[in-house]
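Hello,

Please find the structure below. My notes on it follow.

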Amino acid sequence: MTDTLTLADWELTESFSRSSGPGGQNVNKVETAVELRFEAERSPHLSPAVKARLKRLAGRRWTTEGAIVIRAEETRSQIRNRALAEERLVEMIRAALVAPKRRIATKPTLGSQRRRLEAKAQRGEVKSLRGKVDEG
């Protein structure tokens, strides 16, 4: 997967089923859809922080047992669907490995504060001029 991370065979399981949608005879008899299951929660290769990020990234694909299930059925070939599913899993794990940068809070500049206050004063002026006009 990466230079520092490899997954064991027991962590990944594949199952095949028939794809949905049009395709005639091919769809009706060939099991081309691939369901790739990765046991993320039990994986000794991932740190707890990476697992937490992976869970957030996976969303609905994260099961109650802590596995990620990726289904690929785009192509008519089982081999290509298998490669697509593996590619998606690798992308997801790579994204989870990158820790988000900590945001450093900064003060607004003096110029930006002044511009903001001037804009507020101008807007208040516009709104105050919307009142009733004195006839006198």
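**The sheet**

Strand E1 and strand E2 (residues 33-38) run antiparallel and are joined by six bridges. Before going further: this is a predicted model, in which local features need pLDDT of at least 70 and side-chain atom pairs count only at pLDDT 80 or more, while totals for chains, interfaces and linings use all residues. Residues are numbered from 1 along each chain as its sequence is written, and side-chain values use heavy atoms, with hydrogens and water left out.

Helices (H or I, at least four residues) and strands (E, at least two) are DSSP runs, numbered from the N terminus. Two strands pair if DSSP finds at least two bridges between them. The open sheet has three strands, ordered E1-E2-E3, with antiparallel pairing. At its edges are E1 (12-17) and E3 (68-72), each of which pairs on one side only. On average, neighbouring strands here are turned by 20° against each other, direction ignored (axes are lines fitted to C-alpha atoms, for helices over the stretch in contact, and angles run from 0 to 180 degrees between N-to-C directions).

**Two residues by the sheet**

Phe-16 belongs to strand E1 and stands opposite Val-34 in E2. Its relative accessible area is 29%, so Phe-16 is partly exposed (buried means under 20%, exposed over 50%, partly exposed in between, with a 1.4 Å probe and protein chains only). Beyond residues up to four places away in sequence, Phe-16 touches Glu-31, Ala-33, Val-34, Gln-78 and Arg-82; contact means heavy atoms within 4.5 Å.

Thr-32 is 16 residues from Phe-16 along the chain, and their C-alpha atoms are separated by 6.5 Å. Thr-32 sits in the loop between helix H1 (25-29) and E2, and counts as buried because its relative accessibility is 4%. Its contacts outside four places in sequence include Ser-17, Asn-26, Ala-72 and Ser-77.

**Helix H3**

Helix H3 (residues 78-97) has 20 residues and should span 28 Å at 1.5 Å a residue; its end C-alpha atoms are 29 Å apart, which agrees. The expected span is 1.5 Å times one less than the number of residues.

Asn-81, Ala-85, Leu-89, Met-92, Ile-93 and Ala-96 are the buried residues of H3. Seen down the axis, they fall within an arc of 105°, so they line one face of the helix; the arc is that of the directions from the helix axis to the C-beta atoms. These buried residues pack against E1, E2, helix H2 (48-58) and E3. Ile-79 and Glu-91, on the other side of H3, are exposed.

Regards
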